[in-house]
Amino acid sequence: MSEPKIEGIELKPGFKGMAEDTGSDQTMFKGVHWGKAMMWIFLLSDTFIFSCFLIAYMKGRGSTPVEWPNPSEVFALDAFGVPVPLLLIAIMTFVLITSSGTMALAVKYGYEKNRKMCGWLVLATAIGGLTFVGMQAFEWSKLIHEGVRPWENPFGAAQFGSFFFMITGFHGTHVSIGVIFLFIYAYKVFAGHYDQQKRGWFTSMKGDYVEIEILGLYWHFVDLVWVFIFAFFYLW
Amino acid sequence: MSEDYNDNKTIHAQSSETMGGGSAGVTPDMDYVRPAEIADQDLYHGHSFITKWIFCQDAKVIGVQYFLLATFTGVVGLILSWLMRLQLGFPGAAGFVTAEHYYQFVTMHGMIMVVYFLTALFLGGFGNYLIPLMVGARDMVFPYLNMVSFWSFFVAVAVLMASFFVPGGPTGAGWTLYPPQTILEGTPGSGAGILLMCLSLILFVAGFTMGGLNYLITVLQARTRGMTLMRMPLTVWGIFTATVLAMLAFPALLVGALMMSLDKVLGTSFFMPTILKAGEVLEYGGGSPILFQHLFWFFGHPEVYIVALPAFGIISDLISVHARKNIFGYRMMVWAIVGIGALSFFVWAHHMYVSGMNPWFGFFFATTTLIIAVPTAMKVYNWILTLWRGNIRMNTVMLWCLGFIVTFVNGGITGIFLGNVSVDVPLSDTYFVVAHFHMVMGIAPLMVIMGAIYHWFPLVAGRFLSEKLGKWHFWLTFLGAYSIYFPMHYLGFIGVPRRYYEMYDSPYVTSAVGMNEFISLAAFLVGAAQFILIYNIIKTLKTGKPAGKNPWKANSLEWLTPTVPPEHGNWGDRLPVVHRWPYDFSVPGAKDDYITQTTPPSEVSNTGVEKT
């Protein structure tokens, strides 16, 4: 992404520049697309949602009288007859982080108006996300087979299943929504909607490659949240 | 108005221009405003009845839609309060108000008034209508999202109202919805009622988020040329800051509502401890009811300011316009709004002093709570100093403003009682609390809403509301509200507990019975008085006095549109250019007693306030 430039206005770096932008008229974030500013603020709000979930989880885990299940046993996967702790989660995390990489590249090619590369990379990101959701579905079904339910589980405190299904479910919903949008955007890129500035189906606003970056912000956020969930659920 | 900015790129030379007495040599340079940074907004113009009035993307229509739907829910809340007062004043007079129904009415009255009426009205109603007009934008920045926001609110209200008609009725757990009793059998509406309540709240939060993003980005990124943050009317500051609070506080409500639904539907135990019921151990166990209280009040306290801050902002503008004086201490007012907003996130546990918390925890929250009194008191002083030696127009709008100040101070002072742990503990769960919060976040914001309606109705409809009916409306409401809530303070001091269906033969009876009857009669009167406004609006739409352009001689941009009422796109061909703040009233040397925000400095170079 290039530095924002506005004709007739000299943008200064650093704190002084920030203070000047704040004190100026028209815009607070100079040269920043409305949609991009909106996504940042939405993500701040979403951060509060996930923070509430994770703090509730810490409180729930801290106050339950029954012992908490051992994550390295519960989340182990048998590979060639040997139980390997956190194997599936490691792969899931790897896939999701990789998809963040392809997303970043897609943004770069989008701004370069390289339609094909951008499209393929958005598609790759979508497939990465879909793989993640698929593996999560596998993990859920495995745990359900082992008797883990939102209200009880054979390993220890009932709250383990409650928080696990709720928080990974809420995160998985975020990923799924992202995947749906990634597929739609991949189609729009390939069909050239952003090159032709074709109007959106619902919003009737002109298409622009900046939308790829906005979706990218969301996607990176979903990945970042996963890192926290990973740390809190699987490593603690 | 000079527009020759193209060949002038030295912004610094311009911005260092101060407001000294520039009597000599008026140059076009003086009127310089930075060139446009953003392209003119691309708008979707509706062309059928449905796209113009129902699924409309114009923020002004959406604002009116929010206003009407919020008013409808408000009337429902009002009727519920009548039924409650009927039972409290004259126990058993209406046979259908059973104990169960009473609790359901209490719950729904609270939730409706706080969330679906006041929040929706201030942010959805006034926010949508006023923000784009006041900052000089053509519309909200994401009109489609804005439309979806309203319809989400519509569905949320529909779901909420549906809970009146499901088996078991709406939830009766109190508006705070404290578990465990909220979802246990025996509490009215513990089945479908509480689920619909949670669903409705989740829908409301989702819808609000869409609207809130619009308000924030419109203020931050879509102001017109010359409109700096410190030239925005305080109304916009209030609504903006309240929206920031909402974006950060509603997540806690969303999470709480979601976890509560799971506890109910899936049998999880997030909030449910081990419970013995009639000698039997329930399935639940290991959860923490206090966790819900923290989540709820992390939302609940900022929510108070989500309602109060827009009221603070609007009242500042109304007082300034109708006292013909600049608002006293504009910057102080802005920082007070922002400071109150920030502090409101650190006071939530003062609602939980009796939850068995560590005394030091209470001590911390008592301290932060009392600190909020500082910026709040600054605001009250500034309103009074704005009135001081002003050229006050004693019209309906001003009456509501004065009513607000008195009521707000009253509620604020009782807040100091309740903010202190040791005073709160004996007063907790008495009518003193009911009187306090109704004064400070019920009646006071309502007075602002009423003032705002009388003030901005000429803009929305092009006609003045009847002053005569308005004065009747004000005096009945004002005196009636005090007749309701002043005695309630006393009831609280003698220890009458709130939320009780009936006092039966308790020792309170002798002194409380007559007072309860009086309060109920006053409540019926005040409720009925609100229909004067509805009559006034309907009558005015047909036969009201035409207002014309800028009838109050105000300065802010919403009165300066080329057509009144403003059309879609607000500004016709050219966006307005702003040269000053909206509070240049009664400036010595000026031709009129007001200088609009679009008046360029060269036109008022003899006044000493070319630029403000």
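Okay, a definition to start: helix axes here are lines fitted to C-alpha atoms over the stretch in contact, and angles run from 0 to 180 degrees between N-to-C directions. Helices are DSSP runs of H or I with at least four residues, strands are runs of E with at least two, and both are numbered from the N terminus.

This is a predicted model, where local features need pLDDT of at least 70, side-chain atom pairs count only at pLDDT 80 or more, and totals for chains, interfaces and linings use all residues. Residues are numbered from 1 along each chain as its sequence is written, with chains lettered from A and ligands numbered from 1 in the order in which they are written.

Now, a helix pair in chain B. Helix α4 (residues 99-135) of chain B packs on helix α8 (residues 289-322) of chain B at about 40°, and their axes are 10 Å apart. That makes α4(B) oblique to α8(B), because angles under 35 degrees count as roughly parallel, over 145 as roughly antiparallel, 65 to 115 as roughly perpendicular and the rest as oblique. On the α4(B) side, the residues that meet α8(B) include Val114(B), Leu118(B) and Phe122(B), and among their partners are Ile306(B), Val307(B) and Ile314(B). By contact I mean C-beta atoms, placed from the backbone, within 7 Å. The residues of this contact divide into 10 nonpolar, one polar and one charged. For those labels, Ala, Val, Leu, Ile, Met, Phe, Trp, Tyr, Cys and Pro are nonpolar, Asp, Glu, Lys and Arg are charged, and the others, Gly among them, are polar.

Over to chain A. How many helices and strands does chain A have? Seven helices and two strands, running α-α-α-β-β-α-α-α-α along the sequence. Its C-alpha trace spans about 65 × 40 × 30 Å along the principal axes. Chain A has 236 residues, and 33% of them count as buried. Buried means 20 or more other C-beta atoms within 10 Å of the residue's own, exposed means 12 or fewer, and partly exposed is in between, with C-beta atoms placed from the backbone.

So where do the chains touch? Well, 43 residues of chain A are in contact with 41 residues of chain B. On the chain A side, α1 (14-23), α2 (34-63) and α6 each supply at least two residues, and the largest share, 14 residues, comes from α2(A). That side divides into 24 nonpolar, 14 polar and five charged residues.

Next, the core. A nonpolar core is a set of buried Ala, Val, Leu, Ile, Met, Phe, Trp, Tyr and Cys residues joined through C-beta atoms within 7 Å. The largest one has 242 residues, and Val122(A), Val255(B) and Ile315(B) have the most contacts inside it. Its largest share, 24 residues, comes from α4(B). Leaving out residues up to four places away in sequence, Val122(A) touches several others, including Leu182(A), Tyr185(A) and Ile212(A).

Most residues other than glycine have a negative phi, and most peptide bonds are trans. Ser204(A), however, has a positive phi near 55°, and this residue is in the loop between α6 (158-190) and α7 (210-235) of chain A. In chain B, Arg499(B) has a positive phi of about 65° and is exposed, with 12 other C-beta atoms within 10 Å. The bond from Pro179(B) to Pro180(B) is cis, with omega near 0°, and the one from Val564(B) to Pro565(B) is cis too, with omega near -5°.

Note on methods: Two residues are in contact if their C-beta atoms, placed from the backbone, lie within 7 Å.
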